[in-house]
Amino acid sequence: MSLFFDQVYQIVQKIPVGRITSYGAIARYLRHPQSARMVGYAMNASHNRPDVPAHRVVNRNGLLTGKHHFPGSKLMQQLLESEGIKVKNDQIIDFKEFFWDPNSALPPLEI
DNA sequence: ATCTTGACCTAAT
DNA sequence: CATTAGGCCAAGA
């Protein structure tokens, strides 16, 4: 039972509708600043977790690097656009405006 | 059991 | 500027 994965899922579930965050931001919040990759891997394993909106997590440039892991090739973009986020060429428009940073939005994780 | 491959990111060269 | 190197560690072959 990977505690790290579960923590990742908890954060992802807290991303407000219509906002997005990045793998690295989550890793930083969990005090594993060098484990951004594992956050991505957690998303890959999040198929078992119905309540995890993996489409709201993108890389730090606002690029939809994980879209190929969704069924179909446009689903991730469609999900985002249905929440009011514009996407062009796998790139989120006004990424900075929609970015939700757990490090400033949530209380610091207990040590 | 070992080896490879990643939904990544930062710092150093 | 661009490129590399290192860290992370779960799955698939």
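How many helices and strands make up the secondary structure of chain A?

Author: This is a predicted model: local features need pLDDT of at least 70, side-chain atom pairs count only at pLDDT 80 or more, and totals for chains, interfaces and linings use all residues. Residues are numbered from 1 along each chain as its sequence is written, while chains are lettered from A and ligands numbered from 1 in the order in which they are written.

Chain A has 6 helices and 4 strands. These are DSSP runs, numbered from the N terminus: helices are H or I with at least four residues, strands E with at least two. From the N terminus on, the order is α-β-α-α-β-α-β-β-α-α. The C-alpha trace spans about 40 × 30 × 20 Å along its principal axes.

Now the inside. Of the 111 residues of chain A, 27% are buried (20 or more other C-beta atoms, placed from the backbone, within 10 Å of a residue's own). The largest nonpolar core has 23 residues. Such a core is a set of buried Ala, Val, Leu, Ile, Met, Phe, Trp, Tyr and Cys residues joined through C-beta atoms within 7 Å. I26, V39 and V57 touch the most other members. At least two residues each come from α1 (3-13), α2 (23-29), α3 (36-44), β2 (57-58) and α4 (75-81). α2 gives the most, with 5 residues.

Take V39. Leaving out residues up to four places away in sequence, V39 touches V8, Y23, I26 and A27. Contact here means C-beta atoms, placed from the backbone, within 7 Å. Across chain A, 64% of the contacts with a separation of 6 or more join residues 24 or more positions apart.

Definitions and conventions
Buried ≥ 20, exposed ≤ 12 C-beta atoms within 10 Å, placed from the backbone. Contact = placed C-beta atoms within 7 Å.
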